[in-house]
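Open the model in your viewer and keep the selection tool at hand. This tour moves from stop to stop, saying what to select and what is there.

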Amino acid sequence: MSDYQLIVIGAGPGGYTAALEAARLGLHTAVVERREVGGTCLNRGCIPTKTLLHASQVYRDAVDGSPAGVHAGDITFNLGEMFAYKRAVSEKLRGGIHALLKGAKVDLLEGAARIDAPGRVTVAGPEGDTVYTADRILAATGSVPVRPPIPGLDLPGVMTSDELLEGSDSLYESLVIMGGGVIGVEFATFYANLGCRVTLIEGMDRLLPTMDRELGQNLGQILKKQGVEVLTSAMVRRVEQTPEGLTVHVDQKGKEKAVSGEKVLCAIGRRPCWDGLFAPELVPETRGRSLLVDEDFRTSIPGVYAIGDVSAVIQLAHVAAAQGIACVNRMCGRQAATDLNVVPSCIYSSPEIAVVGLTEAEAKEQGINAVSGKCTMFGNARTVIEDPGRCFMKLVADRDTGRLIGAQLMCQHASDIISQLSAALVNGLTVGQLLSVMRPHPSFEEAMTEALERLAEKL
């Protein structure tokens, strides 16, 4: 008889959620974690960055409050206290996860796990190696920041997001950020809010290059108004230490350009992390750097499953959590309720960005007769009140069926609004059905009605 029916390796959003679901379904379960529970999201990613963004926005709102009649005087901030606040939030949420695991009778095994064979895991813990057996093993080991082979990235002061989130007591005078994706944009927003001189470099022709073109272009304009220098179509060639600081050399449209900063953030992406997870004689099949899994999340090694960043194309905490629940349910011969094909994605810039489904261009590339409708929110009362910059909602439908197939939002509270559009995609709702919904006034989401009306005119 095995020690456990399921051993989960990694206690991030995918791992601890899977472990809790397994316990709920009656499986004797353990979860192995070599660092803090909560994984990257809670300790070095989503939650710390959103906490810092909130803190910096509180400061920014106070500084810019005069149009609303708020005059704060000589307002100041303490960066050390902001990072302490960030640590306190993560610690509180970690405590909640520990309580959930304890309440569900999930054993938490501290240490680094290695899968020695199907059904056998060695955990290198504080007191040495311990071997455990399990009917099934689930890898949820996440991802780590990428450091591409660019000369100079090993210089002191060149950091990844993990290192930047460790914090500092004083604000950097200037920061160069390599990468105009989600990570780069959110750190640019945080540091620009506090008055740091930020340069944001992106190799593609716009920020957020994997999203709708208008989102990246509009965000670039807003960040420039906030004082960020935005360089697009700029490929980083090398980083050097110079008297001006760390100097990043880029090729931009055939011309060389150099930008300098006190520190440099490398935010070019993340790669799946399964280094040392398997014994040398166990060689799993891969897809690129990711572990290859089938529709039931099984790897090529019998009895070993994988979810989340280590195997997924889309590296998001809520994707990992949904996959964890689905994987455990399929192990038990059940089906999970969540549709894994509809994935919302959010960026906590100012204003926020949230997307789900297809853009109009993506739909047409797939041969879908797609049309879009947009509301630019100049007349939306809540947007006029808060004045976050140019905001819009764009909705995409299949002209042949009238069904909504995508949404791109750039407005305040977009991350809270997107779920109703995700629900529409999951349930195959049409533009007409969505127009039958009464939306409250004044609210940001009432702009959705206008976008739907523009869309209905094209069907």
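**Stop one: a buried histidine**

Select H249. H249 is buried, with a relative accessible area of 10%; buried means under 20%, exposed over 50%, and partly exposed in between, using a 1.4 Å probe and protein chains only. This is a predicted model, in which local features need pLDDT of at least 70 and side-chain atom pairs count only at pLDDT 80 or more, while totals for chains, interfaces and linings use all residues. Residues are numbered from 1 along each chain as its sequence is written, and side-chain values use heavy atoms, with hydrogens and water left out.

H249 sits in strand β13 (residues 245-252). Helices (H or I, at least four residues) and strands (E, at least two) are DSSP runs, numbered from the N terminus. Contact means heavy atoms within 4.5 Å.

**Stop two: the parallel sheet**

Select β8, β15, β9, β10 and β11. They form an open sheet of five strands, in the order β8-β15-β9-β10-β11, with parallel pairing. Two strands pair if DSSP finds at least two bridges between them. β8 (158-159) and β11 (229-231) stand at the edges; each has a single partner strand, so one side of each lacks a neighbour in the sheet.

Zoom in on β9 (residues 174-178) and β10 (residues 197-201). Five bridges pair them in the parallel sense. V176 has T199 of β10 as its bridge partner.

Next, show helix α6 (residues 182-193). α6 lies across β9, β10 and β15 (263-266), and runs at about 165° to β10. Axes here are lines fitted to C-alpha atoms, for helices over the stretch in contact, and angles run from 0 to 180 degrees between N-to-C directions.

**Stop three: the core**

Which residues have the most contacts inside the largest nonpolar core? Select I177, Y191 and I353: they do, in a core of 39 residues. A nonpolar core is a set of buried Ala, Val, Leu, Ile, Met, Phe, Trp, Tyr and Cys residues joined through side-chain atoms within 4.5 Å. α6 gives the most to this core, with six residues. Stay on Y191. Not counting residues up to four places away in sequence, Y191 touches F83, L164, L171, Y172, L175, C196 and V198.

**Stop four: strand β21**

Select β21 (353-357). Four of its five residues are buried, so β21 is largely enclosed by the rest of the structure. Three bridges join β20 to β21, and the two run antiparallel. The hairpin between them passes through five residues. C346 has A354 as its bridge partner in β21.

β24 and β21 pair in the antiparallel sense over five bridges. G357 stands opposite G406 in β24.

**Last stop: a glycine in a loop**

Select G269. G269 lies in the loop between β15 and β16 (270-272). G269 is partly exposed, with a relative accessible area of 24%.
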